[in-house]
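Work through the exercises below with the model open. Try each task before reading its solution.

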Amino acid sequence: MAASRLPPGTLTLKQFLRRQQVLLLYRRILQAIQQVPNASDRQYLRNWAREEFERNKSATEEDTIRMMITQGNIQLKELEKTLALAKS
């Protein structure tokens with residue numbers, strides 16, 4: 001097999017795409033949190049999201065990352081449902 005021409009530390013295509021999924025999830029969570037009416041609740045949720053992503057940023061196992069993305073999407077949907085109920 002030929003040696004890779006990529007510099008060490010370069011992400012594979014799969015890693016790059018997974019990273020984009022994580023960043024998109026983070027942005028969507030922060031956008032949903034912006035809709036929380038109470039400022040202290042908003043700050044609490046923002047800190048919670050930041051801490052969760054920071055705590056898991058060293059994960060490298062593909063299955064683990066996929067599972068965390070799925071859980072994050074579920075939590076985002078729950079937050080969006082709660083916000084929709086609060087508005088109605």
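**Exercise 1: a buried arginine**

Arg18 has its place in helix α1; helices here are DSSP runs of H or I with at least four residues, strands are runs of E with at least two, and both are numbered from the N terminus. The model is predicted: local features need pLDDT of at least 70, side-chain atom pairs count only at pLDDT 80 or more, and totals for chains, interfaces and linings use all residues. Residues are numbered from 1 along each chain as its sequence is written, and side-chain values use heavy atoms, with hydrogens and water left out.

Task: is Arg18 buried or exposed, and which residues does Arg18 touch?

Solution.
- Step 1. The relative accessible area of Arg18 is 16%. Buried means under 20%, exposed over 50%, and partly exposed in between, with a 1.4 Å probe and protein chains only. Arg18 is therefore buried.
- Step 2. Leave out residues up to four places away in sequence; Arg18 then touches Glu62, Ile65, Arg66 and Ile69. Contact means heavy atoms within 4.5 Å.

**Exercise 2: the span and sides of α1**

Task: what span should helix α1 have at 1.5 Å a residue, and which residues of α1 are buried?

Solution.
- Step 1. The expected span is 1.5 Å times one less than the number of residues. Helix α1 covers residues 13-33, 21 residues, so it should span 30 Å. Its end C-alpha atoms are 30 Å apart, which agrees.
- Step 2. Arg18, Leu25, Ile29, Ala32 and Ile33 are the buried residues of α1. They cover an arc of only 100 degrees around the axis, so they sit on the same side of α1. The arc is taken from the directions from the helix axis to the C-beta atoms.
- Step 3. Leu13 and Gln31 are exposed on the other side of α1.
- Step 4. The packing partners of the buried α1 residues are α2 (39-55) and α3 (62-87).

**Exercise 3: α1 against α2**

Task: at what angle do the axes of α1 and α2 cross, and which residues meet?

Solution.
- Step 1. The two axes, α1 and α2, come within 9 Å and cross at roughly 170 degrees. Axes are lines fitted to C-alpha atoms, for helices over the stretch in contact; angles run from 0 to 180 degrees between N-to-C directions.
- Step 2. This makes α1 roughly antiparallel to α2. Angles over 145 degrees count as roughly antiparallel, under 35 as roughly parallel, 65 to 115 as roughly perpendicular and the rest as oblique.
- Step 3. From α1, Val22, Leu25, Tyr26, Ile29, Leu30 and Ile33 meet Arg42, Leu45, Arg46, Ala49, Arg50 and Phe53 of α2.
- Step 4. The residues of this contact divide into nine nonpolar, no polar and three charged. Ala, Val, Leu, Ile, Met, Phe, Trp, Tyr, Cys and Pro count as nonpolar; Asp, Glu, Lys and Arg as charged; the others, Gly among them, as polar.

**Exercise 4: α3 and its methionines**

Task: which residues of α3 are buried, and what does Met68 touch?

Solution.
- Step 1. α3 has 26 residues and reaches 38 Å from its first C-alpha to its last, close to the 38 Å expected at 1.5 Å a residue.
- Step 2. Ile65, Ile69, Gly72, Leu76, Leu79 and Leu83 are buried in α3. The buried residues of α3 pack against α1 and α2.
- Step 3. Met67, in helix α3, is partly exposed, at a relative accessible area of 44%.
- Step 4. Met68 also has its place in α3. Not counting residues up to four places away in sequence, Met68 touches Asn56 and Ala59.
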